[in-house]
Amino acid sequence: DVTTITELREFLKTLSKASRRMQIQSSEYFVDETEQKILGGFHTLSEPLMLVAGRLLARVDTPAFTISAWVRLFSLSGGYVVRKPLKQSGISYSMSCWGLYVDGTETRFDF
């Protein structure tokens, strides 16, 4: 039993050391094998970048999904941060199956 202030301080030091050993020492707190990274790291884009992501199965019609992106706009005009076009070329290229749109006043997910 802890009955004095000194004992309490020692107990808290011991508890702190023990809890530090139990903490995850990584930025990956949740390992999820279904995670799909489209573009990692930070990038400055001044024009659209087309990625052929054949290995990705980017589906948004599942019961639950998450899209995460850090976006900093240098003007109020915006556009799609990421989108899946209907086709890779031709008239259907400008249409999207889904997309994450961001501008200075609005953020929306189109599906």
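# Exercises on charges, strands and surface

The side chains of K13 and E10 meet in a salt bridge, with 3.6 Å from N to O, where a salt bridge means a side-chain nitrogen of Lys or Arg within 4 Å of a carboxyl oxygen of Asp or Glu. The structure is a predicted model, in which local features need pLDDT of at least 70 and side-chain atom pairs count only at pLDDT 80 or more, while totals for chains, interfaces and linings use all residues. Residues are numbered from 1 along each chain as its sequence is written, and side-chain values use heavy atoms, with hydrogens and water left out.

**Exercise 1. Describe the order of the secondary structure elements from the N terminus on.**

Step 1: Helices (H or I, at least four residues) and strands (E, at least two) are taken as DSSP runs and numbered from the N terminus. Step 3: Read from the N terminus on, the elements follow the order α-β-β-β.

**Exercise 2. Find where K13 and E10 lie, and state how E10 is classed by its accessible area.**

Step 1: Both K13 and E10 belong to helix α1, which covers residues 5-22, and they are three residues apart, about one turn of the helix. Step 2: For accessibility, buried means under 20% relative accessible area, exposed means over 50%, and partly exposed lies in between, using a 1.4 Å probe and protein chains only. Step 3: E10 has a relative accessible area of 43%, and therefore counts as partly exposed.

**Exercise 3. Work out how strands β2 and β3 are joined, and which residue of β3 is the bridge partner of Y101.**

Step 1: Two strands pair if DSSP finds at least two bridges between them. Step 2: Strand β2 (residues 96-102) and strand β3 (residues 107-110) run antiparallel and are joined by four bridges. Step 3: These strands form a hairpin, with four residues between them. Step 4: Within this pairing, Y101 has R108 as its bridge partner in β3, and V102 has T107. Step 5: On the other pairing, β1 and β2 are antiparallel over six bridges, with W98 in β2 as the bridge partner of K84.

**Exercise 4. Collect the contacts of R108 with E106 and with the ring of Y101.**

Step 1: R108 forms a salt bridge with E106, and their closest N and O atoms are 3.0 Å apart. Step 2: R108 is partly exposed, at a relative accessible area of 30%, and E106 is also partly exposed, at 34%. Step 3: The charged end of R108 sits over the ring of Y101, 4.1 Å from its centre; such a placement requires NZ of Lys or CZ of Arg within 6 Å of the ring centre and within 35 degrees of the ring normal. Step 4: By the salt-bridge rule, the count for the structure comes to two.

**Exercise 5. Contrast the cover of strand β2 with the accessibility of F11 and of S68.**

Step 1: Strand β2 is mostly covered, since five of its seven residues are buried. Step 2: For the protein, 9% of the 111 residues count as buried. Step 3: F11 is found in helix α1 and is partly exposed, with a relative accessible area of 44%. Step 4: S68, which lies in the loop between α1 and β1 (79-85), counts as exposed at 67% relative accessibility. Step 5: The C-alpha atoms of S68 and K37 are separated by 9.7 Å, although these residues are 31 residues apart along the chain.
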